[in-house]
Amino acid sequence: MTSEPELASPVFPTNAHDDLHRLLVESITDYAIFLLDPTGRVATWNTGAKVLKQYEPEEIIGQHFSIFYSQEAKDRDYPGYELKEALRKGKFEDEGWRFRKDGIAFWANIIITPIYNQEKELIGFSKITRDLTERKKAEDDLYRVYEELKDSEERYRLLVEGVADYAIFMLNPAGHVATWNQGAQKIKGYQAQEIIGKYFGKFYSRQALEEGFPAYELKMAREHGRFEDEGWRYRKDGSAFWANVIITAIFNSKKELLGFSKITRDLTEKKQLEQQLFQTHADLLESEEKTRLLIDSVQDYAILMLNTEGIIMSWNTGAERIKGYRPDEIIGKHFSTFYTREAIENGFPKFELTQALQNGRFEDEGWRIRKDGTAFWANVVLTPIFNSEKRLLGYAKITRDLTERRRNEELMQKNKDLVRINNDLDNFVYTASHDLKSPIANLEGLLAALQEDLGPEVENHGQIISLMQGSIGTLKKVISDLADVTRLQPGQQQPESVEIKGLVAEVKENLRQLIKATNAQITADDLAFDHLHYSRKNLRSILHNLVSNAIKYADPKKTPQVTIRTFRSETGEYVLSVADNGLGIPPSQFTKIFGMFKRVHDHVEGTGVGLYLVKKILDNSGDHITVESEEGQGSTFKVFFKQ
C-alpha cells in the first residue's frame with residue numbers, strides 16, 4: 001500500500017450504489033464524506049467535501065488522498081499509516097491539520113473505515129472529515145486563559161508572602177485558624193503547625209474569653225461586614241501587646257460565609273506599617289479564588305503590586321475604597337497618579353522605588369490624591385518583591401488613610417492650646433482676686449482718713465466721696481466674684497437634695513433691697529419638680545445670678561416680672577427656667593454674654609462675671625444653659641441638669 005499520488009479511475013461504478021443512499025450522502029454539507037479505493041485514491045466526492053476542501057469532483061476524483069496532508073506528513077508516509085491502522089483495527093480516527101485547495105490549513109477530525117464485499121475482499125475505504133477549526137481555536141483560547149490565570153495566581157501568592165509585619169490569616173466560620181503567615185508567626189510567636197486548627201481565642205485574656213469577646217467580634221463582622229478593635233492580646237510566651245485588629249467576613253458568590261480574614265498589627269512600640277505581603281497556608285495557595293478573596297476583602301488598606309517600573313499590576317477592594325479608582329481605570333497606569341504635581345516634578349515616586357530597592361523597604365507619610373482630586377494623609381510602605389533567584393519582580397505597596405488620625409492630632413493640639421490659655425486665665429483671675437485685696441483695703445483706709453482730715457468740710461465734698469465709696473464697693477464686688485471663680489473646681493462641692501422653693505425664698509431675701517427698690521415681682525408657682533440633687537451652694541449661686549440679672553436689666557418703663565419654673569425636657573433632663581420682661585438680648589450677643597467681663601447693656605451697674613460664673617459651674621458638673629430672648633420683650637434662661 002503506497003501513499004504516492006497517481007491518477008486512476010474510480011473503482012466504484014455509479015450503478016453500485018443505491019440512489020437514495022447517494023442522494024443522502026450528496027445532501028450533507030457539514031461533513032466531507034467520500035470513498036477511497038484500496039490504494040487510497042479518491043473514488044467519490046460529496047457536496048460537504050467540495051465545501052470543506054474546495055475541490056470540484058473532476059479535480060479530485062482519482063487523486064491520492066495524501067493531497068490533503070502537509071509535506072512533512074507525506075514525507076513520513078502518514079496517509080499510508082492511517083490506511084494500515086484502519087485495516088488493522090477496523091477503524092482509524094485522528095485529529096490534525098489538513099489543507100484545502102487554496103493551501104489554507106484547517107483542524108480536522110477524520111474517520112477512515114475499510115469496506116469489504118460479501119467475499120470479505122477489501123474494496124476500499126470510507127473517509128469522513130469534519131472541520132473543527134473553531135473548536136480548536138476555542139480550546140487554544142481556553143488554554144491561554146488558563147496560563148494567564150496561573151500567572152495571576154503566582155502574583156497573588158507573591159503578594160501574600162511578602163508581608164512580615166502584619167499577622168494576616170484566615171479563620172473558618174467557627175473561628176478556628178485556617179492559615180498562618182510569617183507576620184503572624186513573628187507577632188504572636190506560634191509556628192503554623194502549632195496554631196492551625198486552634199480557636200483564635202488563644203490570643204485573648206481570660207477575662208475576654210469569659211465575657212465571650214472573641215465570639216462577639218465574629219458576630220459583629222458577620223452582621224456588619226467587618227469589625228475593628230484595639231486592645232491587649234497575648235503571645236505564645238504569655239507577654240501582652242497592644243493590637244489593632246480588623247476582622248472581615250468573606251462570602252462566596254452565593255452569599256455563603258466562607259470564613260473571616262483577620263489582620264493584626266502590633267502597636268506596642270508604634271511600629272509603622274511594613275510593605276511586605278503575606279503568605280497563606282498551602283491550601284490557600286491551591287485556590288486562586290480564596291487568595292483573591294483574602295486580598296480583596298481587606299477594605300482598610302490599599303494593597304497593590306507594582307511592576308519593576310512602577311506600573312500598577314493588581315488592585316484590591318481597599319485600594320478602590322481609599323483612592324476611588326476601579327481596577328479597569330487604574331491597572332496599567334503608573335503609581336505616580338496618586339501624587340501631587342509638586343511631588344511628581346521633584347521625582348519623588350522614583351525616589352521611593354530607589355530607596356525601597358536599596359534599603360529593602362521604604363515608608364513615608366504625606367499627602368496623596370484620590371480620583372476625585374481630594375487629598376488624604378497616607379501612610380505608605382513600599383517593599384521590593386524578589387523570586388527565588390533574587391530577581392526583582394516588582395514592589396508590594398500598602399497604603400492606609402490616616403487623614404482622621406492627623407485631624408485628631410491637630411484637634412488635640414488645639415485643645416492643649418485652649419487648656420493652656422484657660423489655665424493662664426485662671427492664674428490671672430486668682431492673682432487679681434488676691435493681690436488686689438490689699439490695695440482696696442488701703443484705699444478704704446485712705447478714704448476714711450481723708451474724711452477725718454476734712455472735718456466739717458466733708459459735707460462740701462459729699463458727692464465726690466460718695467462716688468469714690470461706690471467705686472470701691474464695685475471693685476470689691478468684682479474681686480469677690482473673681483474669688484468665687486477661682487474656687488470653682490470640678491468635684492469639690494458635694495451634691496445634696498435641694499428644695500427649690502426654699503432656695504428661691506433664700507435668694508429673694510438676699511436680694512430684698514434690690515427687689516424693694518425696683519418693685520420687682522418674683523413668682524415660682526409652676527414647679528414640675530420641687531427638689532434637685534445638686535450642690536446647694538452652686539445652685540444658689542446660679543439662681544442668685546439669674547434672678548439679680550433679670551431685675552437689674554429690667555425695662556425702665558415696666559415693672560420687673562421674674563418667673564421661675566421647673567419642668568422635664570423631651571430628653572428627660574431637669575430644667576430650671578428663669579424668665580423676665582426686661583430689655584432683652586440681641587441674637588448676636590447670645591454666645592458672648594457667658595464670657596468673663598462681657599456685658600450687653602453698659603448703663604446698668606454690674607461686673608460682667610455673673611453669667612461666666614454660672615456657665616463655669618454648669619460646665620464643671622456636665623450640665624448646660626441656654627438663652628432665648630427678644631429685644632424689648634425679655635429673656636428666658638434655661639438650665640439643664642442631668643439627674
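Predicted model: local features only at pLDDT ≥ 70, side-chain atom pairs only at ≥ 80, totals over all residues.
Helices are DSSP runs (H or I, at least four residues) numbered from the N terminus. The contact, meaning heavy atoms within 4.5 Å, is made by Asn538, Ser541, Ile542, Asn545, Leu546 and Asn549 of H22 together with Gly610, Leu611, Leu613, Val614, Ile617 and Leu618 of H23.

The structure also holds one cavity of 30 Å³ or more, a cavity being a set of points, on a 1 Å grid over the protein atoms alone, where a 1.4 Å probe fits but cannot get out. The largest cavity has a volume of about 40 Å³, taken as the space filled by probe spheres set on the points. Its lining, residues with an atom within 4 Å of a point, consists of Tyr166, Ile168, Ile263, Val298, Tyr301, Ile303 and Ile398. Because domain 2 (163-271) and domain 3 (286-404) both give residues to this lining, the largest cavity lies between them; the domain bounds come from an automatic or database domain assignment.

Residues are numbered from 1 along each chain as its sequence is written. Local features need pLDDT of at least 70 and side-chain atom pairs pLDDT 80 or more, whereas totals for chains, interfaces and linings use all residues, and side-chain values use heavy atoms, with hydrogens and water left out.

Terms used. Helix = DSSP H or I, 4+ residues; strand = E, 2+ residues; numbered from the N terminus. 1 Å grid on protein atoms, 1.4 Å probe; cavity = no way out; pocket = protein on both sides within 12 Å on 5 of 7 lines; lining within 4 Å.
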